[in-house]
Amino acid sequence: MAAESITYSPPLPPSIEPRSGFSNLTRTFHSLRPAIPLPPLSEPLSYVDYAFSLLHSPLLPSNPALVDATTGLSLSYPDFVSRVRSLILRLQAQFQLSKGDVAFVLSPSNVNVPILYFALLALGAVVSPGNPISTPSEIARQFKLVSPKIAFTTSATASKIPKDFNGTNAVVILDDGTFDVGTVHTSSTEEEGGGLGRVEIMQTDPAAIMFSSGTTGRVKAAAAPHRSFIAMTAGFYSMRCKEKPERMLLVAPMFHSLGFYFILRGLAMGETTVVMSKVGFSEILDAAARYRVTMMTASPPVVVGMGRAKEVDKYDLRALERVLSGGAPLSEDAAERFTRRFPHVELRQGYGSTEAGGISRMINREECKKVRSAGRLTEHVEAKVVDIVTGTALSVGQEGELWIRGPALMIGYVGDEEANACAFDSEGWLKTGDLCYFDNDGFLHVVDRLKELIKYKAYQVPPAELEHLLHSLADVVEAAVIPFPQEEVGEIPMAFVVRQPGSTLNEHQVMDYVAAQVAPYKKIRKVVFVSSIPKSAAGKILRRELAAQALCNSSPMSRL
C-alpha cells in the first residue's frame, strides 16, 4: 500500500483535541500529521546535501530525472548529479561565487534551470528568481532590494537587466553558447581531489529570495533558509509511494515559489519531473498524456479548464492519479466539476505562501472530499486564529487572521525592517494576513485575504501599485482597484475611477495606459466610472463596499 493512502492518528498530548488539533491550553492548532524527524538545527547541511542524501538511498534512481516537454530532452539522475557538481566548480572558479552572494535568475523554465539552482544552493549562494515577463522597471526594483553579485538570463530577457549592473557584477547569458549549464567538465586537478574547497552551509543560512507584494504595493523580498526546503521535503518524502517513482508535470513556473519548491522537491524524491517552457492549456494536456504523468501541479484556471473544456476528451489521461492545486482560490463548483469528470484523480488542494512555505494540504482521497477546504496543517506547523480587532486567539469554527509558526517560515524580508515588524510578533508567529478558520476535523478554510491582494491565476497583484498608476493619469481624480471574481482565472483587477469634470476618458484608454507599464498579469481588465470612492473617516478606501457594489451591478467582462 502506498504510504499516501494511510490515515494518520498520531499520539497527541492530552491538552490537544485529537479531531481538530486545537489546544484549549495554548489556544493554538497543531498538525494532525505524524512528527517527521528533521536533522538537528545545529548540523551544517545545505538543501542540496540533504537532497543528494535522499537520492543515494541506496543508489541513484534509474528513471529520468528531468524531461523537457518542449524539446523532448531527457536527463538521467547520474547526468543531473554530474552536471550539478561540475557547475559548482565552474561557478567558483569563473565567477568566484561564495557563500551569501545573491544570484538573480531570469529565465523561462527548462531542464538547465534546476541544474543551476542546485549548483548555486550547494555553493551557499542565494537564488533569487525573477519573472521573465516582468518589465525592466519592476526588475530594477528587485535588483535594488537584493543587490545581486551575478545575474543569469537569456538572450530574450537580457535587455531587462538594469543597465547600471556592471563592474564587478557579471551577466551570464544562458542560451548564447558561451556558458552551457549542462556541460560536464572535470580538469585533471579536480580529478585528483584538488578542486575548490567545500562550503559549510548552516540550515539557517538563506537559500532563496522570492518576491512578494504587500498591501502597500511595494515589492518585498522574502528570504527563505535551507531549513525551510528541508522541512517541507522531509514531510513529502515520509509519505512517498515506494512502489514506483512519480512522473510529475510541473506546470508552475520555476520562478514562482510553488514551482521553485516543487522542482527542488521532485529531484530530492527521485521522481521524473516533466518541465514546460510553454504552458498553454493544450500544451499542458498534451504533455500530461504524452509522458503519462501520474501527478501534476495546476493553477485553478487549469483545473477549471480540465473540468469544463471539450478538448480534454482528446487526451489519454488515464495515468493521472493526483492533481495538486494551489496558488489561488478554487471554487467549490470547479472542484466538484473536475472530480465528476475525473473520478479516478485526487484533486489535492493546498495552501501556502512565499513567506510561510507549505501551510496545509490534502494527502489522500478521503481528505480530497473536503473541497471547500485547503486541507489540514502540514507536518511541523502550528497555527493560531486571531481576532482581527481584539487580538484574542480563537477556537474551532471562529474566523480570524491566521498566524503560523514552524521550520518552513522565511527568515524575513530583506532590507525592510518595517515590513518584518508588521509580519512577525514577539514570539515568532508569522501573520499571514488571511481570514481563516478551522473546522471540527482540523481542515483549514481560507475565507478572504486581509492583505487585499488580487490573485490573478497564481500571481499576486497589489491594488495600490495599480492605483498609483491610475492617479498619474491627468483625467483621473480618484481611483480604487479591487478583485473581481472570475472563475477561469480566480480574480481580475477591477478599477473604480472618478474622472475630471468634462473628461471623455474611456475604459479602453484606462486599461491600455496601465497595460503599457505593468506585466501582463497585472493589467486592469474591467473599469467602472463613479462619482466618488467610499472611504472611512481615516481616509482608507472601503474596498468591501466597492466589492459588494461590483457584484450587485456586474456587467459583461471586459477583455479577459
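Predicted model: local features only at pLDDT ≥ 70, side-chain atom pairs only at ≥ 80, totals over all residues.
Residues are numbered from 1 along each chain as its sequence is written, and side-chain values use heavy atoms, with hydrogens and water left out.

**Stop 1**

Select Glu-321 and Lys-244. They form a salt bridge, and their closest N and O atoms are 2.8 Å apart. Glu-321 sits in the loop between helix 9 and strand 14 (322–325), and Lys-244 in the loop between helix 6 (226–238) and strand 11 (247–250), so the pair ties together parts that are 77 residues apart in sequence. The helices (H or I, at least four residues) and strands (E, at least two) on this tour are DSSP runs, numbered from the N terminus.

**Stop 2**

Now switch to a cartoon view. Nine strands form an open sheet with mixed pairing, in the order 4-3-12-11-13-14-15-16-17; two strands pair if DSSP finds at least two bridges between them. Strand 4 (74–76) and strand 17 (376–377) are at the edges with a single partner strand each, so one side of each has no neighbour in the sheet. Next, pick strand 15 (residues 346–353) and strand 16 (residues 357–361): they run antiparallel and are joined by four bridges. To see how they line up, select Tyr-351, which stands opposite Ser-360 in strand 16.

**Stop 3**

A second open sheet has six strands in the order 1-2-18-19-21-22, with antiparallel pairing. Here the edges belong to strand 1 (22–23) and strand 22 (444–449); each has a single partner strand, so one side of each is left without a neighbour in the sheet. Within this sheet, color strand 2 (residues 28–30) and strand 18 (residues 382–386), an antiparallel pair joined by two bridges. Phe-29 stands opposite Ala-383 in strand 18.

**Stop 1: a hairpin**

Move along to strand 25 and strand 26, which form a hairpin with three residues between them. Strand 25 (residues 476–486) pairs with strand 26 (residues 490–499) in the antiparallel sense over 10 bridges.

**Stop 5**

The contact (heavy atoms within 4.5 Å) takes 25 residues from domain 1 and 17 residues from domain 2. Five salt bridges cross this interface. Zoom in on Arg-141 and Glu-465, whose side chains meet in a salt bridge at 3.7 Å, N to O. On the side of domain 1 that touches domain 2, the elements giving two or more residues are helix 4 (136–146), strand 9 (206–213), helix 9 (300–308) and helix 10 (332–341).

**Stop 2: a loop residue**

Finish at Asn-110, in the loop between strand 5 (102–106) and helix 3 (112–123). What does Asn-110 touch, not counting residues up to four places away in sequence? Show Asp-68, Met-254 and Val-275 beside Asn-110 to see these contacts. Then find Leu-73: it is 37 residues from Asn-110 along the chain, and their C-alpha atoms are separated by 9.7 Å.

Key: Salt bridge = Lys/Arg side-chain N within 4 Å of Asp/Glu carboxyl O.
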